[in-house]
Amino acid sequence: QVVEAQFVLSFVHRFLEHRGATTYFAFCYPFSYSECQERLAQLDGRFQDCRHLSPSSPLDSVYYHRELLCHSLDKLRVDLLTVTSCHGMLEKREPRLDKLFPDASTPRPRRFAGKRVFFLSSRVHPGETPSSFVFNGFLEFILREEDPRAQMLRRMFVFKLIPMLNPDGVVRGHYRTDSRGVNLNRQYLNPDAELHPAVFGAKAVLLYHHVHSRVLPGSPDWRTFVSPLGTSLLSAKSCNRSVRGGAPDPEAFSELEKVNNLRNSPRAWRHSSYFSPSQEARILGAPAAEPGSTDRSGWILPSSCTAEHCEEEEEEETRRSPLAPLPETILPQDSGLAYYVDLHGHASKRGCFMYGNSFSDENDQVENMLFPKLISLNSPHFDFTGCNFSEKNMYARDKRDGQSKEGSGRVAVYKALGIIHR
């Protein structure tokens, strides 16, 4: 029933007459840390051949990479997944960022030219299990080898995915906090590597790709790229295995290919932001900030290189190159980060919806609201009227502890990078 505009669910439960029996009542259908790890292990087995992919591999091969971003305070894994196609794959790998990626036996993922990053995270609030089910559904979709929609998205973006930001809270059965009772979704403005390792890691990855995944002028438009060896828009060969039933029907994606995604197109770059190849090389090879520096550029730079992870010419370039630009010197439309989405679950709202930020510029606000509007037109489960893009919702304070939403991922990432789609 509805009581004072709130939903109230009542039920009767008959307890088993067994001494010592324990009964658990779950607020939402559970999805545990163990289930998450089991699912990732299955994907590791399914895509184990991806470790052998190279720039010469079939372009529409599914590139899947799993790595340890960091450990939580309780020493549980916080995983980072990278999913894309082989379009634009480079021999170079991403660098190791300071205080992150502790497993030296796992190489960093490959770098990709001409692709911006779509970042998706989940379960910063451990009790909001619907976020995991949405995350799992998206992961299953984006890994479909023969789906023309997934193929096109893998061509366009490099997907960076964190399935469980707060594993400690999940394991302990907390609703919104970690093992120290801290709401991690209020720590994004200034996360601490020791106290908030997952948030620190997520923001470091975001800031790194904001600078280093920009699409430079002259980059191929992978949406319309046709291999000289083939004639179809999307490869008739699978990504990682032969396609059953022949090539996809071009009509299935003809509308998608017509969409002019200005935010991902080199044509959208302003002349003032063009970089020559030598300028870009200097930016990519910028040295790390001094220890203890508050300069935010330190978030996006690699830690001290080792022979295993840095090439000699990169080390030489690092020694003689100037500092990389600060994140705020990069225009939002030029960012290497195309979308930032953090998945949650709401206790008193129905259906699917988004919280977005508020922009004073009318064109920016229209662009901000366009993405969820398009989702609502394509999904009967998405409620556009349930979305909120108000300034009040950016700075509202929690009734529990008075903390402001300014420290949430949504607002803090906007303040750091200025991008519209978060």
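**Close-up 1. Seven rings, one aromatic cluster.** In this predicted model, Phe 118, Phe 138, Phe 141, Phe 157, Phe 159, Tyr 339 and Phe 371 make up one aromatic cluster. Counting over the model, there are 20 aromatic pairs.

**Close-up 2. The Phe 15 and Phe 25 pair.** The ring centres of Phe 15 and Phe 25 are 6.2 Å apart, and with the planes at 75 degrees the pair is edge-to-face, since over 60 degrees counts that way. Both residues come from the loop between strand S2 (6-7) and helix H1 (33-46), so the contact ties together parts that are 10 residues apart in sequence. As for solvent, Phe 25 is partly exposed, its relative accessible area being 47%.

**Close-up 3. Phe 157 meets Tyr 339.** Here's another edge-to-face pair: the planes of Phe 157 and Tyr 339 sit at 85 degrees, with the ring centres 6.1 Å apart. Phe 157 belongs to strand S8 (residues 157-162) and Tyr 339 to strand S9 (residues 337-343), so this pair ties together parts that are 182 residues apart in sequence. Phe 157 and Tyr 339 are both buried, and the two of them are also members of the cluster that includes Phe 118 and Phe 371.

**Close-up 4. Arg 108 over Phe 101.** Look for a charge over a ring here: the charged end of Arg 108 sits over the ring of Phe 101, at 3.6 Å from the ring centre.

Terms used. Residues are numbered from 1 along each chain as its sequence is written. This is a predicted model: local features need pLDDT of at least 70, side-chain atom pairs count only at pLDDT 80 or more; totals for chains, interfaces and linings use all residues. Side-chain values use heavy atoms; hydrogens and water are left out. Rings of Phe, Tyr and Trp (its six-membered ring) pair if their centres lie within 6.5 Å; planes under 30 degrees apart count as stacked, over 60 as edge-to-face and the rest as tilted. Helices (H or I, at least four residues) and strands (E, at least two) are DSSP runs, numbered from the N terminus. Buried means under 20% relative accessible area, exposed over 50%, partly exposed in between (1.4 Å probe, protein chains only). A charge sits over a ring if NZ of Lys or CZ of Arg is within 6 Å of the ring centre and within 35 degrees of the ring normal.
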